[in-house]
Each structure stands twice: as C-alpha cells, then as structure tokens.
Amino acid sequence: MGKKILVVDDDPDVRLFSVTVIEENGYIPLEAADGEQGMQIIKKEHPDLVILDVLMPKESGVRLFREIKTDAKLKKLPVIVLSGIAKRSFLRSQKALTEFGGAPVPEPEVYLEKPVEPNELADAIRSQLP
Amino acid sequence: MEIRKLLFVTKFDDLGFDALQSLLVLRKAALNHVVFVNVIEREKVGMHRGLGYQKSEEIKLRETANIRFIDWAETLFEQGMEVGVYIVVGNLITQVFESARKEAADLIVVGNARKRLIDHLYSGSDVIELLRRTSVPVLVYKPLPDKIEVLDRPFERVLLPFDGSPASRRAVDYLSRLGAVINQVDVIQVANPKDLKGDTSMAVQSLRKKVRQELDDICDRLSADGLKARAHVYIGDPMVEIEKAARECQSTMIALGSSSKTEWVERWLGSIPRAIAENSDLPTLIVPPPQRL
C-alpha cells in the first residue's frame, strides 16, 4: 500500500498543487484546511509525512508542528513546512514558545518558502520518503 | 471572560499594524491569539458587464492582503503568539460574524474611518450594523494622525459612562477583569437637567450626591479588582457631556455597554453607545448583551 501524505493548508489552490505533486509521485494524498483538522486526520489516518502551511485559521502550523514534535507517538513523523512565512520567523516563534515554558522542538525536516516548483516539492517528499 | 483571542478586521487603510501593536498590551490580560480578517467586497470582483466574475482581480486582492498579513504574522509569531488569517470574499458583516463564530473570538477590533475623508473605507453603517448584531465585545478604532499617543496606549485611561442600567453594569464587569491593562477608569454619569428639581442649591446638590454615591460604589468595586477609578458627575446631553468628559479626563478610550433594543426602537430613541462609536474620535469599546440575533 502506498505511503500517505497529509497536506495541511487553508488555500485550496495550494492544496491542489501539493496533491497533484503527491499523486504524480505515487503517494496517497490527504487534505486538511487548518491545524485543528490536520491533527484529527493525523490521529485517524496515521500519514507517513505532513506538508504543513503556517498561517491558517483556527490553529496555525506553528502550533500543529509543536504538537507533533512534542507528542511521544508522533514526534518521528517528518514534516515539510511549505509557507510564505520565513523560516527564520518560524524558528524564532518556536524558540519564543519554548522560552514561555514549552518543550524544546527540533527544526522541521524540510522548510520550503512559497512559491515552489513541482520538482522542488517532489524532491523534498522523496528526501523524507525514500 | 478573558481576552485570549482577538479578531482584527482590517482593510489596511483603516486599521494598520500600529493599531494592532497598541493592543498587544492585552497580552497582560491573557491575549495570545490574533486572527486577521480581510473581507473583499463582492462588488470589487463580482460580475461586470462584459467581464464576468473577475477571478484575476480576486487573486490580486487576496495576495495583496496575504502579503501584508504574512509580514504582520511573522512579527507576532516571533513574540510567541498564535496567529490566524481569513481572507474572504463576501459581505463584511456576515464574514466577520462567521469568522468570530469559527474562532470563538473574545474581542472584535474594527476600524471606523470617516467617510467624508476617505470614501473607500468601511462605511459607518457597516460598523453600526456590526455593533447592533454582535454578541462579542467590539473595539472600534479611529484613525488619529494627530493623536499618536492615544493609539499607543488605548487602555491607559478609560472613560466609563454609567447610567445604572444592566448594559452599563456589564461594561463595569468587563473592565473589572482588565486590571492588568488599564491604568485608570473614570466613571461618569450624565444627569438630565430636568431632574434638577428644587428651589435651593441644597436640593439641586442632593441629586449630585445621590448620583455620586452610586458612582463611588462602582469605583470601590473596580478598586477591589485592582483598578484605579474616579467618579465624575456631569449634567446635560449625554453625547455632548461624554465627549466633554473624555477631553477633561484625557481619556484614551470610551467603554460602554449596549442594550438589545430592536432596530425599530433604536431608530426612534437612538443609541448612545453606537453614536459614540460612530462619532467620537476616541477608540470605543462596546460590550453587548451575551446573546443577540
């Protein structure tokens, strides 16, 4: 059975782009429109990889990433962050949350700033799901 | 209720990042989540003769808003705050309520630019309609290019008009939980000149004494919650006197409770909270009844 990749992004155009790349490379896509829905699907569908936007309604990618990486059962789940938010800001946000009493979290496995070319995303996926 | 999540409704010209930064003082009152809302009016992208639906225009407007929000969000994320965003096409009021419901927001912040100055901003009626229908407290911000210090510290000195009604008591309750943010509350009551009965100064002063006693009780209650509070009595037209009091107290914000009058009753009797929200130069915090249509 093919490996499952969850795309968490509130922009339907970006989801469509990512889903197309995922399918063309032989993986099974799953979709969520915000962090809250993303976590529900992670727990239910157990994807092998998450492609995560940062700025979304309800729960941002900053929080969802932190939830994944501080959960004993999920922390090994690789995450590709695909966002317009700069990597530096993302890392600073995680540092700030750690300073406010949160657990330290590692950097995302891959960080891609939007927009990306299809082959860039495909290479990033393959780097995590050989 | 704490202010944990704030809905920041902006068209960028009316409400900018400087206004949002001035509200970050609310972090002392538990604020940790800001949700940006930008509503693209349907007529800007809707059907035009010979053009149809302007999808490319919608994309342009969405991405323009997105670029601004990404910039703002980076600053907030780096401070450890949670940030969300809605960029939607539709009716302003409907979309604001929908976003507030989805996010369970504790406070809605909107701009109210004067139409006579810049006609492409929110119309006053949008803000009034929002205030009429909301069950979430609303902070109406005004552009104040000549009063930057007010925008810097909107919660510094709050003017609280009080008339003993359930609505004004609700505003007292709301402010009482913001002791970590507010420096001083000036509680005022505007007495009606018709109530000044009697032929002697003693008789007239008895009215002031009675009103003052009630206000002192409110101040004692606010003081018990850690707020510095002072009572003031004014006589005259409420709209005029509230503005006068705001000037004399050097207020940085006016806070009022609003009632659930029907639209018809309101049209006949008027609504002081909504008139202040629309006409005052100061940021105006409106605390509505909890349940409203």
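How many residues does the contact take from chain B and from chain A? The contact takes 16 from chain B and 16 from chain A, counting two residues as in contact if their C-beta atoms, placed from the backbone, lie within 7 Å.

A quick note: residues are numbered from 1 along each chain as its sequence is written, and chains are lettered from A and ligands numbered from 1 in the order in which they are written. This is a predicted model, where local features need pLDDT of at least 70, side-chain atom pairs count only at pLDDT 80 or more, and totals for chains, interfaces and linings use all residues.

Now select α3 (55-78), β3 (82-89) and α4 (92-103) of chain B: each supplies at least two residues of the side of chain B that touches chain A. Helices (H or I, at least four residues) and strands (E, at least two) are DSSP runs, numbered from the N terminus. α3(B) gives the most to that side, with seven residues.

Next, pick the largest nonpolar core, which has 113 residues. Such a core is a set of buried Ala, Val, Leu, Ile, Met, Phe, Trp, Tyr and Cys residues joined through C-beta atoms within 7 Å, buried meaning that 20 or more other C-beta atoms lie within 10 Å of a residue's own. Its largest share, seven residues, comes from α3(B). Domain 1 (1-143) and domain 2 (146-293) of chain B both give residues to this core, so it lies between them; the bounds come from an automatic or database domain assignment.

Finally, click B:I108, one of the residues with the most contacts inside the core. Leaving aside neighbours within four places in sequence, B:I108 touches residues including B:L7, B:V96 and B:T134.

Note on methods:
A residue is buried if 20 or more other C-beta atoms lie within 10 Å of its own, exposed if 12 or fewer, and partly exposed in between; C-beta atoms are placed from the backbone.
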